[in-house]
Amino acid sequence: MRLLPLPKGSGFPPLSIFMKERKDERITPPIFRDPLQERTMADIMDEMRSENASFRHETVDRDLDEHSFFSCQFEGVSWAEEQRGLLFTDVTFNHCDFSNTSMKECVFRRCSFRSCRMTGCDFSSSLFESVSIRDCIAEYANFSGSKMKRFLMQDCRADHSAFTLCSFRYTCFRNTSLRESEFLETSLKDVDLSTCSIASFSVNVENLRGVRMNEEQAAACARLIGIEIVHPSDDYS
């Protein structure tokens with residue numbers, strides 16, 4: 001774990017910050033009111049909006065140019081072309097591949113990702129609102145500058161990922177590996193990391209205020225800033 005120094009004039013918050021109560025983190029799943037119609041990317045090239053559509057086992061190899069997707073499903077879709085400014089509302093991504101592509105400045109509302117490959121994907125400056133990411137590989141993914149509200153990443157591998165300059169609200173990382181990930185200039189207030197592996201992750205010390213950690217994680221942070229942890233049973237004679 002690598003902690004950046006506190007700015008001048010600030011102090012490390014009390015250890016009681018690690019004991020805050022969990023707030024409501026309920027995530028609204030994607031909503032589908034009508035049957036889905038199977039379509040292909042070729043069908044929508046001249047459109048700006050897709051609704052109630054299912055896309056299966058194909059490769060996105062064209063710029064979709066700020067296309068909007070409402071109540072759609074992507075199954076086994078590979079995103080090979082860099083995208084920017086796409087809107088996804090009430091969308092599911094199952095077994096999709098975003099590896100080493102770009103999804104910058106996109107909006108994801110009431111979306112779910114399951115068993116997807118996100119290795120090296122650039123999601124920077126995006127909005128994730130009521131989004132769950134489960135059983136995904138997101139190593140070296142870049143979420144920097146993004147806003148997360150009611151966001152869950154669970155049972156994922158996200159080592160070496162970047163969450164620099166992010167905004168978190170009602171955010172939880174559960175049973176996720178975040179080794180050597182960066183949370184620089186990002187407040188972790190009310191963020192739950194207690195079930196995650198955070199070895200060698202980077203964070204500004206002042207941004208630990210309000211984070212939820214287990215005892216071992218909290219002790220590791222304390223030792224790195226020079227706090228000596230003692231127990232009543234220690235023998236000082």
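Predicted model: local features only at pLDDT ≥ 70, side-chain atom pairs only at ≥ 80, totals over all residues.
Reader: Which side chains are joined by a polar contact of 3.3 Å, and how do I read such a contact?

Author: A polar contact is a pair of N or O atoms within 3.5 Å; within protein, one must be able to donate a hydrogen and the other to accept it, and residues adjacent in sequence count only if both atoms are side-chain atoms. Here, the side chains of Asp122 and Asn142 make one of 3.3 Å. Residues are numbered from 1 along each chain as its sequence is written, and side-chain values use heavy atoms, with hydrogens and water left out.

Reader: Is Asp122 buried or exposed?

Author: Buried means under 20% relative accessible area, exposed over 50%, and partly exposed in between (1.4 Å probe, protein chains only). Asp122 has 15%, so Asp122 is buried.

Reader: What is Asp122 in contact with, beyond its neighbours within four places in sequence?

Author: Contact means heavy atoms within 4.5 Å. Leaving those neighbours aside, Asp122 is in contact with Thr101, Ser102, Met103, Lys104 and Asn142.

Reader: Which residues touch the most other members of the largest nonpolar core?

Author: A nonpolar core is a set of buried Ala, Val, Leu, Ile, Met, Phe, Trp, Tyr and Cys residues joined through side-chain atoms within 4.5 Å. In this 55-residue core, they are Phe74 and Trp79.

Reader: How confident is the model?

Author: The average pLDDT is 87, and 83% of the residues score at least 70. Over residues 5–23, though, pLDDT is below 50.

How values were computed: pLDDT = per-residue confidence, 0-100.
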